[in-house]
Structures are given as C-alpha cells and as structure tokens.
Amino acid sequence: MTYKVSTPVGQHRPNVDHCAQRGGMPVTAMAEVVVDLDAIAHNTRLLASLAGPVMAVVKAGGFGHGAPAVARTALQCGATWLGVATAAEALALRAQGITAPTLFWLYPPGETFEDVLQAGVDVSAATLGALEALADAADRTGTVANVHLKVDTGMSRGGAIPGEWAELFGWARKYENTGSLRVRGLWTHLANAEQPHDAGLRSQLRQFDVARDAARAHGLEPQILHAGNSAAALQLPEARFDLVRVGIALYGIEPIPGRDFGLRPAMSVRAPVVLTKRVPPGTGVSYGPDFHTDRETTLALVPLGFADGVPRQSNGHGEFLVRGVRCPVAGRVSMDQVVLDVGDLPVQPGDEAVMFGPGADGEPTAGEWAAWAGTNANDILTGIGERVVRRYRPAR
Ligand SMILES: *Cc1c(COP(=O)(O)O)cnc(C)c1O
C-alpha cells in the first residue's frame, strides 16, 4: 500500500488481495478507480430478469471501468452478447480470450473487415458500400459475414433512412444468396427511451415495425431484432424485442430521471491527500487565483485533475469526501491536481479523498459531478483518465 486509509470507507475499500490488475506488483498508483464487479453482476442480473436477453455494451473501455473485466462479469451473470463501437474494441476483447457473440457498429468508409470476420465478430451495416466490402472480405477470408442491418427510424444518427431500405435489404438478400453474408440482426437506436409517451419515440417504434416488414418482404429473416438501450430495457417492454443493448444501467447509473430501479453504481474514484498546509484568511488558491480563503483553514492537495477526469467545468462547485466530510474544491481544477478546503478537519497526508462513488457513505456520486459540470454521468465515467489505475473488487 502506498497510503494508509485513515477513514473507514466500508464497501469502497478495495480488497487489495483480489485486485485483478495488481498482478503481484506493489501498488504505486496515486489515484485509483475501484470497480465493484459485484455491482456489475447485480446490475446484469437485474437487467436480464427484467428485460430478457442482454447485450452488455462495453465500448469506451467499459464506460471507463475496463472492458474485459466488465464483459467477463456480465457474461457470467446472464448477458449473452457484447456490444462495442469500434473494430479495435471488438478485437481487444477477442485478444483477451472473450469469445461471446460481439457486435460493433462504427467504422470509416473503406474498412476492410477481414480481421473482424476472422475473429467471428458481427458487424452492423447501413450502406451498400459496407455490404459489398463485407461480402468481399467474407469471400477473401472464407467466412460468412454476420450482419446486423441498421435502420434509422428517426434519430438521424447511424443507420439507413427509410428511402434506402428497399435497396439495402435487396442487396443484403443477394449477398445472402451467394453465401457471403447472413443477416442475423435488424436494429435501430432510440433517441428518447427515457420518455415512454414521447411522440418521437412512438414514431421510431412504428418505423421499426415498417422496417421489419420490409426486410421480410425482401426475403430476409433476421433472428435478432434490437432497439432498446438502458432506459428502454428498464421501462419499455414494447422496445425490448429479442435483445436489449445496455450500457449506463450496467454500470449502475439510473438512466431515467426520478426513477430508482435498484441499480448499484460500480465505480469509485479516490486518491490520497499528498500534502496539507494551514493558511490564513485571504489566501489565494490555484490559478488566477479566483478563490481566496474566507478564514484560517487547512488546504489539502489531491492528485486528480482534469487530465484524470475531474471536469474543469465544475470550477466553483466540486466536492470530495475526506474523513466523512464533504470538502469543496478550492479554486480552479488543474491538469493533475485539485486543492480542497478542508477547514479544521484533522486531515493528514495519506488520508483518502473520494471524488465519487455509490454515495452510500456521503461521498458525491457521478451524477452530482455531472450536475456540477453541466453534463451527464456517462461523460463523467468515460472521462476518468488512463493514468488512474483500475482496481477490481471481485464479484461474490
Ligand atoms: C452506447 C450505446 C448503447 C448503450 O446505451 P445506454 O443508454 O448507455 O444503455 C446502446 N446502443 C448503442 C448503439 C450505443 O451506441
């Protein structure tokens, strides 16, 4: 251990003897993410019991938690698919020995697909160019490309727009006939599953029906229809179809404002206080300075900054938990560090400062940081930087 934890932190204290990334090396990290895999396990079970078959979305390094560990835990607890954005993310899972069905959906024009087809990864396709490239790659590699056709039902992000469906489905069927590809899935993404009565959501679901009927009319028989994200998985039975693609709920963030489904946040971020100093009233702190102490107080330096994901946009609002007390960030967030105003708390170097966690011991949550920074919790989770070491508390 590099620092002593002088505050009881209950479940946030990692089981250092079981930390997957410790690998027998001394722990030298200053700041760390502690990922509670038991929370991932709980959330996966809860989602699977509510919504049926689950694709665990582990893009962006498992929303900052570490994709392989999250993927393994979710698969052990009932998830049957993995979803990622990029080919590199899919191949990284395969390189870790994770062989579960995996879909990726984002790639540049000119993608050649050979490596992903050889790795048995499913591919989303929304253009004739992609179908042609997939069929070519399948022929070159002696594989059959497993394709999920993506339709844009109203979000105007990825996917083929309705006027393109007939041609897309027609060509997909032709390539099926030549044996190059198989249309395994038909899918879309919902813009507003948080609002069950939203007109745009209802229109998207109707359009998805239209797309399914059109696909069938072209002779396609996609076995897996999928549309729902976390919010849909939790509250929209009519959008669950054959698979739900859950991201944020898997990590324990409640996706629907004002509703609590009993999800458990998996990520805690903490660091040791590295220096303290007693200063008089009127002391300027950090750049500018645009903060001055209003009394004699103790300042505590914490080695987490905006390069580590403490959002600079939170200036003037952020808080950490130290010795069971919320302490404000004094002055601007720096790249590598923040200064806390801890008042008269007897804080010592080595004490633990918690940026956020589940909130059970009074520490801020990712959602609070999101509010302070004017963003969402996804942005906070995925923003935690690479140099913050990930450590894992195992699932029970
Ligand atoms: C990120 C993503 C998801 C997961 O969405 P959540 O709202 O986090 O559950 C699902 N599908 C696609 C296509 C995505 O890009």
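Q: Let's start with a loop: where is serine 286 found?

A: First, a caution: this is a predicted model. Serine 286 sits in the loop between strand 11 and strand 12.

Q: What is phi of serine 286 near?

A: Its phi is near 70 degrees, a positive value in a residue other than glycine.

Q: Which residues does the cis peptide bond join?

A: Glycine 288 and proline 289, with omega at about -10 degrees. Proline 289 lies in the loop between strand 11 (275-279) and strand 12 (297-302).

Q: And where is phenylalanine 113?

A: Look in the loop between strand 4 and helix 5 (114-118). Phenylalanine 113 has a positive phi, near 70 degrees, and is a residue other than glycine. Its relative accessible area is 1%, so phenylalanine 113 is buried.

Q: Now the sheet. How do strands of a sheet pair?

A: In general, they pair through backbone hydrogen bonds, either parallel or antiparallel. In this model there is an open sheet of 8 strands with parallel pairing, in the order 8-7-6-5-4-3-2-9.

Q: Which are the edge strands?

A: Strand 8 (224-226) and strand 9 (244-246), each of which pairs on one side only. On average, neighbouring strands of this sheet are turned by 30 degrees against each other, ignoring direction.

Q: Can we zoom in on one pair: how many bridges join strand 4 to strand 5?

A: There are 2 bridges between strand 4 (residues 102-104) and strand 5 (residues 122-125), and the two strands run parallel. To find one of the contacts by eye, go to phenylalanine 104: its bridge partner in strand 5 is valine 123.

Q: Which strands does helix 4 lie across?

A: Helix 4 (residues 87-95) lies across strand 3 (81-84) and strand 4, and it runs at about 160 degrees to strand 4.

Q: Which residues of helix 3 are buried?

A: In helix 3 (residues 67-76), they are Ala67, Ala69, Val70, Ala71, Thr73 and Ala74.

Q: What do the buried residues of helix 3 pack against?

A: Their partners are helix 1 (37-51), strand 2 (54-57), helix 2 (59-63), strand 3, helix 4 and strand 17 (389-393).

Q: Which glycine follows helix 3?

A: Glycine 78, and its phi is positive, near 115 degrees.

Conventions:
Residues numbered from 1 in each chain as written. Predicted model: local features only at pLDDT ≥ 70, side-chain atom pairs only at ≥ 80, totals over all residues. Heavy atoms only, no water. Pairing = 2+ DSSP bridges. Helix = DSSP H or I, 4+ residues; strand = E, 2+ residues; numbered from the N terminus. Axes fitted to C-alpha atoms, helices over the stretch in contact; angles between N-to-C directions. Contact = heavy atoms within 4.5 Å. Buried < 20%, exposed > 50% of the residue type's maximum accessible area, 1.4 Å probe, protein only.
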